[in-house]
Amino acid sequence: MRPALAKHAVSVIALSKDTVDEVAIHKQRDGLTLTLLADPELEVIRQYGVEHHKVLGFSTGSLMLGGIPLGPGGPSFKTMAIPTSLLVDEDGRIVWIDQADDYRLRSSNGRVLGAVETAFSSES
Amino acid sequence: MAGGISGAALVIVLSTWARYLSLIPRGRVPARPLGSVILQVLGMTLAVAAILENYWSVDGPAAGVVANSTTAVLMGAFFLWLLAQRKTPVGDLKVGVGDILPGFTATTSDGAIFSTDELDGKRVLLKFFRGGW
C-alpha cells in the first residue's frame with residue numbers, strides 16, 4: 001500500500017491512546033516507519049469524537065526481551081479510540097472518513113486506496 | 001469416557017481460539033465468524049456433557065474432567081462474550097467530510113511535539129487506532 005500512497009504524496013500518521021513509551025515499543029517491534037502519535041490523555045481522541053468508553057483491551061506485555069515485548073499483557077478495561085481513518089488533502093480539508101462499527105474489522109487496503117485514487121488522481 | 005470428552009472439548013475450544021487469533025495479525029478476521037462460534041458452542045456443550053456424565057458415574061467426579069471442562073466452558077464463554085462486544089459506538093464523530101482538519105498537538109514516538117501545523121500543504125492519511133499490544 002505504501003507505493004500507492006507515495007505516488008499521491010500521502011503521508012500516514014497514526015494516533016492511539018498509548019503512552020509515548022508504549023508507542024515507541026510498538027514502532028520498534030513492528031518496524032514501522034510512519035509517524036506514531038501518543039494521546040494517553042485522550043485529548044485528540046475526544047476532540048474528534050472517536051472515543052470508545054471502557055472496552056476490554058490488551059496492553060503491551062511487560063515480559064521483555066531486548067526491549068521488545070514477548071507477547072500481549074493482560075486484558076483490562078480502558079478507554080481507547082474507535083478505529084477511524086481520515087484522508088486530508090493539501091488544503092487541510094477532510095475528503096474521506098472511514099469508521100469501523102465493528103472494531104475487529106479494519107479499513108481494507110482496497111477501500112483506503114480507492115478513496116485516495118478518487119480524491120487525488122484527477123488533480124495530480 | 002468423560003475424560004476423553006472433556007479433553008476433546010478443551011482441544012476444540014482452545015484450537016478455535018488459536019486459529020482465530022492467528023488471523024488477527026494478517027488482518028483476515030472474518031466479519032461473521034460463524035465457524036468459530038459453532039465450534040466454541042460445540043466445545044462448551046461437550047464440556048458440560050462430560051461433567052454431567054462424570055457426576056453420575058460410580059467413581060464420582062474426577063479432578064481432570066472437572067478441570068478440563070471448566071476451562072473449556074470459561075474460555076468458550078470468554079470468546080463469545082468478546083465477540084458480543086465488537087460493536088463500536090459510532091455516531092459521536094465531531095468531524096465530517098469537507099471540514100478543515102481540527103488542529104491538535106501530540107507527542108510522537110520519539111518524544112517530540114507534533115503539531116498539525118506541520119501538515120500544511122501535505123496530503124495525510126490520519127489513522128486513529130486502538131493501540132499496540
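Predicted model: local features only at pLDDT ≥ 70, side-chain atom pairs only at ≥ 80, totals over all residues.
Residues are numbered from 1 along each chain as its sequence is written, chains are lettered from A and ligands numbered from 1 in the order in which they are written, and side-chain values use heavy atoms, with hydrogens and water left out.

**Exercise 1.** Work out which strands of chain A pair with strand β3 of chain B.

*Solution.* Start with the terms: helices (H or I, at least four residues) and strands (E, at least two) are DSSP runs, numbered from the N terminus. Two strands pair if DSSP finds at least two bridges between them.
- Step one: β1(A), residues 10–16, lies parallel to β3(B), with six bridges. Here Leu15(A) sits opposite Phe128(B).
- Step two: β7(A), residues 84–88, runs antiparallel to β3(B), joined by five bridges. In this case Ser85(A) has Lys127(B) as its bridge partner.
- Step three: check the cover. Buried means under 20% relative accessible area, exposed over 50%, and partly exposed in between (1.4 Å probe, protein chains only). In β3(B), residues 123–128, five of the six residues are buried.

**Exercise 2.** Find the salt bridge that Arg123(B) makes, and say how covered each partner is.

*Solution.* A salt bridge needs a side-chain nitrogen of Lys or Arg within 4 Å of a carboxyl oxygen of Asp or Glu.
- Step one: the partner of Arg123(B) is Glu90(A), at 3.0 Å from N to O. This pair crosses between chains, from strand β3 of chain B to the loop between β7 and β8 of chain A.
- Step two: Arg123(B) counts as buried because its relative accessible area is 10%. Glu90(A) has 26%, so it is partly exposed.

**Exercise 3.** Trace the salt bridge between Glu117(A) and Lys7(A).

*Solution.* 
- Step one: their side chains meet at 3.8 Å, N to O. Glu117(A) belongs to helix α4(A), residues 109–120, and Lys7(A) to helix α1(A), residues 2–7, so to speak distant parts of the chain, 110 residues apart.
- Step two: Lys7(A) is exposed, because its relative accessible area is 61%. Glu117(A), at 31%, is partly exposed.
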